[in-house]
Amino acid sequence: MREDDIEFAIKVVIVGNGGVGKSSMIQRYCKGIFTKDYKKTIGVDFLERQIEIDGEDVRIMLWDTAGQEEFDAITKAYYRGAQACVLTFSTTDRASFEAISDWKRKVENECQDIPTVIVQNKIDLVDQAIVTADEVETLTKQLNCKLIRTSVKEDVNVASVFRYLATKCHQLSQASYNEHMSSNNIHDPSSGLSNGVHSSSHDSHTKTISAFSPTYTKSKSTNNSTIVLKKNSARKRKIILKKCGIV
């Protein structure tokens, strides 16, 4: 696979009680469709979509998990490695609202602290609401999560949920990369050479060093050795850092 074929990817888990609209949400986001027929998710379902964040391709891998307790042993294994989470409840289902804290705890047990958004779905049924706006605001403050109100049926704010999480993960990845470069006293190759490192066109042994893809070339002229920093794109740096587990 060519380097240009690899993109930044994030794993997002969608959790919440059964019947709150998790499957419908990812179907709407990835396929642009909506169905009124409710089908219980057995274990885990998976869809993905690619978007662009700050000029970079981002592949969002969406894992739709079953909301019933009998599937807990199956679904919690799929939380591992998630980089973002959607906690979902329904405007018309108070039990799903009261379960949000427990869902957050389950995900944190496997993933620690990751970017998380609380989604209040079915706002098109506001006349049937059994959860007040004040209660929702209080919960989001207690859990320190962003709140997004959606209607999957009417396609309101669905895309905003995943764009917010993708942007957040992209920013954290970039910040982690910058911190890594700074702590190791590595200069960004695109901004020039590192301190104390110079180049010469008359060197015989020219070592071309990149923090991400070291290579070595040999010249035929003299016997001097020089270290040269090879320019790399920010895209390549993030790809390889991510593969190495640095970000």
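**A tour of the sheet and its helices**

Begin by selecting strand S1 (residues 8–15) and strand S3 (residues 56–65), which run parallel and are joined by seven bridges; strands here are DSSP runs of E with at least two residues, helices are runs of H or I with at least four, and both are numbered from the N terminus. This is a predicted model, in which local features need pLDDT of at least 70, side-chain atom pairs count only at pLDDT 80 or more, and totals for chains, interfaces and linings use all residues. Residues are numbered from 1 along each chain as its sequence is written, and side-chain values use heavy atoms, with hydrogens and water left out.

Within this pair, pick Val-12, whose bridge partner in S3 is Leu-62.

Next, show the whole open sheet, where six strands follow the order S2-S3-S1-S4-S5-S6 with mixed pairing (two strands pair if DSSP finds at least two bridges between them). Strand S2 (44–53) and strand S6 (146–149) stand at the edges, each with a single partner strand, so one side of each has no neighbour in the sheet. From one strand to the next, the twist averages 25°.

Now select helix H1 (residues 22–31) and helix H6 (residues 158–183), which pack at an angle of about 85° with their axes 9 Å apart; axes are lines fitted to C-alpha atoms, for helices over the stretch in contact, and angles run from 0 to 180 degrees between N-to-C directions. Finally, display Met-25, Ile-26, Arg-28 and Tyr-29 in H1, which meet Val-158, Ala-159 and Phe-162 in H6 (contact means heavy atoms within 4.5 Å).
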